Structure formats: C-alpha cells, structure tokens
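This report walks through one model, element by element. Keep the structure open while reading.

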Amino acid sequence: MDNNDQILDEFLLEAQEIFDQLDLDFVALEQNPDDKKLVGNIFRAMHTLKGSSGFFAFHRLEKVAHAGESLLSKIRDGALALNEEITDALLGTSDRLREIVANIQKQRIESAGDDTALIEWLKFLTDGGKDFPRPGKDGNSPPAQLAAAVIEQPLNEPIEPIEPSMLAQETRSLPIADPIEVPEVKDAAEPERSTEVAAPIKVSVELLDKLMNLVSEMVLARNRLLSFARTSGDLAFNNTVRRIDTVTLELQERMMKTRMQPISQVWTKFPRLVRDIAQDTGKKVDLIQIGAETELDRTLLEGIRDPLVHIIRNSVDHGIESPEERAAKGKPEQGTVKLRSFHENGMVVIEIADDGAGINLPLVAKTAVAKGLVTAERVAKLTEREIIDFIYLPGFSTKDQITNLSGRGVGMDVVRTNIQEIGGNVDIATSSQGTRLRLSIPLTLAIMPAVFVRCKEYSYAIPQVNVFEMLRYEPKEGVPGVEDFYGVSVFRLRDKLIPLVFLNHELKLDDQLPPVDQPLNIVIVQAAGIRFGIVVDEVLYMQEVVVKSVGPLLKGTPVYSGSTILGDGRVALIFDIAAIAVRSGIIAKLADNQFEQDIAAAIGANTDEQQMLLFDLLGIERIVMPLDAVDRLEMIAASRIDRRGNEAVVLYGNKIMKLIPLTHYVEGATHKSLYGDETVPVIVHYHKGQPIGFIVKKVHNIVNVPTQAVMITQPQRGIMGSVIVNDSVMSILNVQEILSLSGMGHFDDPAFAHDAEDIRGVISMDQEIK
Amino acid sequence: MSRSGSYATFYIGNLFFGIPIAIGVEVTKGQEVTPVPLGPKEVAGFFNLRGHIVTAIDMRVRLGLPANTEGPDVVSIFFQDQDALFALMVDRVGDFTQVTEATFEETPSNLDSNARELIVGVHKLADKLLLILDTQKIVSGINLVQH
C-alpha cells in the first residue's frame, strides 16, 4: 500500500466517522430544530468533507457537499428556518455523499454519476424556494417508481406534520432513485478492498497515553531493579534483570514510535492541492516545503491536516494575487507559498507564508462594522491584532462572492478551533508583502532532549533546542567578567556581549545576585530571537524527557512549558525559555535603547555574505565550510593513499598530506571504507603550513552564506550549526573542531590562543555527564 | 453536591474536613513534592503518581491557616478534576465516614471567609463537626497570576 492509498484510506475512515456523526446529528436536529450548535456541527462536518474531497479531487463529492454546505450556512446564519423539505434535502445530501464514498471505497476512484437534480434542489432551497419538483421526477434519474411514489407523498400533504421516524425512512429511500454506475467487473475485487480499509485498528489516544504512562512507570521500576542487580552476585537474577532491561528499552522505544510520524505524511498532498486551486483561479503558485521530516505525534498530525488545507486554500485563493496584479505590484508573477516546520521551545511550529496581498485590514474592519460586531468609533481604536481577531469569528468573511474554494468565513474559525483543541495556537502576521500564519502545536506526549540544570536544591530542564552552549566562567585578572550594560548584566563571550539572567534571582528563590568574583555556570540559550545566558548553580546532564503538561493551575505562570518525571520518580519542571526572556525584561530593555544595536553588532549581525564551499558527506548532505579555509580541490585515487600507522596519507606535491575522512568526525554521517579503484574528492586545507585533506563524498559549488544567517540547530559534533540559504538547510563544518578531534589540535598554535581560552570552559554538547 | 453519603475525612489543624469519596479518592503518604517557583502560592508543587503529574495544593495556605509548625507530617488526598489530578496536602487523614442528611447544616457564618467559600456545609457528628469541602472550588478559586 503506497502513501496515497494510505491517505485515501484515512480519508475513507474519517468520512465514515463523519457520516455516523451526521446521522446522529440529523436525528438530534429533528428533535431540536433550533439548536444552532447542532447546525454548526453539521455545517462543519460538510465543510470538512468538502475540504478533504477537494484534496483528492473528488469532484462529485465536493459539489454535493458544497451545495449542502451553502444551504446549511443559510440556516446557521438564521436566514432560513429548518423545515421538512430542507431536512429531506439535507438527509438526501448526506445519503448521496455516503453513497459516493462507498463507491470510492470499492473502486478507489470516484464513480461517475449525475447529482444535478440534488444540487438544483439544494440551490433552490438555499435561495429561499419552497416545494421544488423533486429529483425523482426529473429526467436525470431513471424511473424508480417505488422511490418516487414515496417521495411524493409528503409533497402532496405539506401541512400534515410528519413523524421524525417516517421522515427518516422516506428520505433514506431517496438514493434508490439515483443512477450509480458500478461496473460489474469491479465487484469481484470488492471484498478484498473492504478488508484493506478495515485493517488498521483505531486505538484511542487515552489508551495510548495510559500505555505510555505504564511504560514510564516500568522504566522507573526497571531502574530500581538495576540498582539491586548491581549489588547482587546472583548470576541468574542478573541475567533476568538484563533481559528485563532490554525488553523495557525496546518497549519504550516502540511505544514512542507508535505515536511519532513525519509531517510529510500530511504534506505530500499539498503540491497537488496548490496546483489545482491555482489552476482554478488562474494563478501561478509555487509551493516550497521545508522541514517535512519534522516528527510529531500522530494524533496531532490528524488534528492539523484540515486546518492546513484551509490555510493553504486561503493563501492561494485569497492571498496570492493574479499574475497581472502581481506584475503591476512589481512582484514576480509566480506567487510562493512556503510551508516550514520545525521544533521551537518544545513546540512544533508550522509556518505557512505566502507572498500575496496580505489581509486587507481596513476591509476586515469595515466588514466587522457592517456586521454590527463593533461600532465605527471603536474600530478606529483597535490595534492591528485586534482587527485580525475578527477573522476568527464563525461566519466572518470579507469576500462578497462565495466560491467553491473559500470565502465562507468558515476557514479561520475551524482552523483556530482545531488547533486549540490540540492545545496549540495560531498567530497571524500580515503585510502587503504577504501573510504568515504560524501554528504552534505542543508536543503533549512527545519526547524531547533537555539539559538539566540545578538551581538551589531542585533540578530544572531546559529544552535542548534552545541551548547553544554551556560554559563555566572563572574570573581572572585582566579579563572582564560580568558587566553592567544599560541596566542589564552582560558577559563577554568571544568578544560578543551576552545578556545574563540569574536563574535563582529570576525564580525569586534568592534575593542576592551571586558575587561577580565567583565562578559562574552559564547556559547560553536562544529564544524569541535573542541569545542570552542563564546563570545556574550547576549543569547536570542531558536526557531525553517525556513532556507532560503542568496542569491548569500554572496557566498564569508561563515560565514553564511542561514537566517531566525523572529517573528517581520525582517531577522536574521544563522551562519555557522565551517566557523567561520576556519575564526577565531583557527583551524590553533590548528594545528600549541602542543596546539592541550594540548587541546585534556584537553578535555579528552585519549584512556581509561569506563565500562557502558546498559539499556532501555520506549520510549527511549540504555541508558548507568557509572558502578561505579551502586551498584546493583534488580528486585522489584510493590506490595512491598510503597508511602511516592509523593515519591515511598521500603524497601531495613534495609534501605528505594527511587525509581526514570527515565522516568520522561529523555527527550523523555514515562511515565507509575506501576501495581500491575508487577516486575520492578531497578538500585541501592548509594548517600551519601543512596540507590536510578532508575526504568528502561530493563537492558541489560555492554558495554565499549571509553571516547573520539564523542558526537553526544547536551545534553537534563537527558541525557549528545550520543556516538556511536559498530555502535549503546547510550545516556549517566546524573546521577547528575537526582538526582538534583528529589530533591536529590548535592549542599549541599561537594564532588560536584566544579561542583556546574560551573553549577550556565549554562543555561540548555531545558529552553526556551521567 | 449531595448532603449524605461517604466522605474521606482529614484534619488540618483542629478542623475536621471531608470530601465525598464518590469523586475518586486515594490517600498516599511521603510524596516528594517538587515546588514551583513563581507559581500560585497555594500550589505546593508537583509529584508523580504512577506516571501522572499531580498538582499538590497546600490546604493550609488555601484555607488561610497558619503554616504547620509541628513538622512536615503531610498526607495527600487525590482527586481528579477535568482530566487533571490534584492532591490536597493535609495534616492527618481520618477514617471514611458515612453521614446522612439528618446531621447536615449550612455553613456557620462565624467561619473564616476564606474557608467558608470552600465549605458546602457541616455535618454535626457525635463528637465533632465535619466540614464538607467543595473540591471543585478548591481548585477553581486559586488565583493563577500571583505577580
């Protein structure tokens, strides 16, 4: 079963659930015709179905759902009251949809069929009509006397109240009258197909959560058992414990795996979706996807699919302008929708950015006034953000014309509801250059690596995504330590000014700032766009943690993003680094004065670009290193390589060049031995007058890397960090680290004396202190 | 909240409290609580109950009583409220008690206002008064923003 099949199956399962719910809702609606919430539910269900069918290009389904939705939106807005005919039509719609889906399930494609009559009927009702000549009568349908006869009955006696049960029965029989072409040949395959859809077992999230909790408990019990085994001399016991140990580990890993899936699962269908919408609207749109491998909880994936479809629809249909309009504005004719996903502060962030016209805020404000949501005097005083908030209201749309794609104003309402349901939030930024939506989704049950630090007697976790480096500062003669800079404590790190936050002070555990002549343990973190140092009592260790929520009572204490259970069974709190940055006032103080500029300048935010050489390693692609560190590029035949002790060397001119296989020193790369007839690309770097060859897999070209490029990942072994260049992620090789790792340390080199000073106190990120 | 039924009882200072066992109560002792700096003052901290994070509420703070001077003989009583688990840190746990409507009386007005808010009513037992707590209000009444 390929990916598309899988997605289709998921759709079919979802559709089945929607139908089951629709049946229940319709029955409930018959009993409570005035229940607006119920109408809203049905409306949303139809809308979801329509959205998903657009996604698969099931046009019949889409059209029928669209027509049903139009009628429902009138009822929702109170323009129409529910009557028997409308209920008939809606039930007919639901049955028709169910039928189409049933056929899709059998044949994997949408069968042909004519829904004109039903759609006409729905349109007629939407326009406020009554007593439409029923579809059973018109020429579209083949004669099905039985069904037609039953349908005509309520028509002839419109005044007589109809029992709900009768009504349901009658309308159910409607579809009999409709032509559904089911090719005979396909029937043979039917049983097989049906079992395929039934194959995946749906397990409730609660059950998975419970299992997960039990596994965590088991890990703790295992840990205790291990400590017994250490002191016990009983071989049989120890072997049993070891077995339990491995099984527990595997159980834990599998348990985690059941829940994590790459976001690409949801994204794969978007290129087609964008293409289709772009074609329908006569636009040129390019979709860029970054970070498709970001994993998130499966349940969350399901939760974000519909919102993403809505947002992308909006971006293409509303956001991106027509090619002519774009040309007139001086934008490239082809619009861009950029999907980007990454982890930030223990949240999965999904950004959908388009370079379209942006949200027309004055129009939104005008519509809000026209709809009576706000007075004209009041609206003038609203901030941009408050105006944006209007678009989240159900039924709010600035589009005069409702298209098949969007404009009903249901989109953002559904988006926000769905995202909030999974505990996330939506943020919109808009300008005439485009709109960016940012969905932050928490990792309710995700695993995240964290650095544990101690402050007073308790340990706290800092999400590793925020951590840049950890260092110990020891005051020395002549070296400036903590200084005061416009009211902020700062620290010089390699000639850069880093603002400091004292954790004990920030958490109000201690009134005293530590004396400046004491050694300090500093964790350098980055959040909310700034880099700062957190002074802790001790850096403990790094560990993968299971993130748990902090419960409702900490809603007013945003300093924590979650909690986790430690190996000894105690609870530790996980910091929200961005919230700490805000709380500590650093950001406000930075924004206040030229400090920001100074810091920015100090952090190296100049607009220069640096030329770098782009190459691949086995198992890890797109690595760059500064061009000034490259002397030459060579292709060296493996047969020319000699071994000297455990080193590989090659005669290079009249010198001996040491060869360093970079795969050995760069985290994430795959090792491979060289074979006799191979020729390998080698990057020649001169170190203290000696040539050194870095063996790589493939050398590409030279790229310009902006020096203020955002580091999007923390340093790893051999890699300083990653930058985004031309929408692709590149890792920057840490040449100095490679040299020192390979035994060509630079500590004895006077040219690097300054660096060596700093590095002495740095705990490298991959070094786990148990 | 029904006025008759079974209650889990406990002492805080000289006061004798009960919460209905219908809401699912469990008693544990000696949990190591991780405090929450900057959190609401009523929140004593968090601890782990079989893989669940439990929010511990210091009932002395919640009721506006002076801190326990006799030592840390704290016992927790758990209950669940809207998917979150809570524990009440109390001084001493009593028995499970069955009461009927007959002994019930509205909250006496001379009670401290802080405590009165949380108390549904009083059962006049033979030897003492049993104050019935509204667990939901214990949680919902906590002021989330402290600073």
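B:Tyr11 stands opposite B:Phe16 in β2(B). Helices (H or I, at least four residues) and strands (E, at least two) are DSSP runs, numbered from the N terminus. The model is predicted: local features need pLDDT of at least 70, side-chain atom pairs count only at pLDDT 80 or more, and totals for chains, interfaces and linings use all residues. Residues are numbered from 1 along each chain as its sequence is written, while chains are lettered from A and ligands numbered from 1 in the order in which they are written.

Strand β1 (residues 5-12) of chain B runs antiparallel to strand β2 (residues 15-20) of chain B, and six bridges join them. Two strands pair if DSSP finds at least two bridges between them. B:Ile12 has B:Leu15 in β2(B) as its bridge partner.

Which strands make up the open sheet, and in what order? Six strands of chain B form it, in the order β8-β1-β2-β11-β10-β9, with mixed pairing. β8 (92-99) and β9 (104-105) of chain B stand at the edges, each with a single partner strand, so one side of each is left without a neighbour in the sheet.

## Where the chains meet

The contact takes 24 residues from chain A and 21 residues from chain B. Residues are in contact if their C-beta atoms, placed from the backbone, lie within 7 Å. On the side of chain B that touches chain A, β4 (43-49) and β5 (52-58) of chain B each supply at least two residues. β4(B) gives the most, with four residues.

That side of chain B divides into 13 nonpolar, six polar and two charged residues. Here Ala, Val, Leu, Ile, Met, Phe, Trp, Tyr, Cys and Pro count as nonpolar, Asp, Glu, Lys and Arg as charged, and the others, Gly among them, as polar.

## Two helices of chain A

Helix α3 (residues 59-76) of chain A packs against helix α5 (residues 116-126) of chain A at an angle of about 15°, with their axes 9 Å apart. Axes are lines fitted to C-alpha atoms, for helices over the stretch in contact; angles run from 0 to 180 degrees between N-to-C directions. That makes α3(A) roughly parallel to α5(A), a label for angles under 35 degrees.

Which residues meet between α3(A) and α5(A)? Among them are A:Val64, A:Ala67 and A:Leu71 in α3(A), and A:Leu118, A:Ile119 and A:Leu122 in α5(A). The residues of this contact divide into seven nonpolar, three polar and three charged.

## Chain A overall

Chain A has 25 helices and 30 strands. Of its 770 residues, 36% count as buried. A residue is buried if 20 or more other C-beta atoms lie within 10 Å of its own, exposed if 12 or fewer, and partly exposed in between; C-beta atoms are placed from the backbone.

A:Val490 lies in strand β12 (residues 488-493) of chain A. A:Val490 counts as buried because it has 23 C-beta neighbours inside 10 Å.

Note on methods:
Contact = placed C-beta atoms within 7 Å. Parallel < 35°, antiparallel > 145°, perpendicular 65-115°, else oblique.
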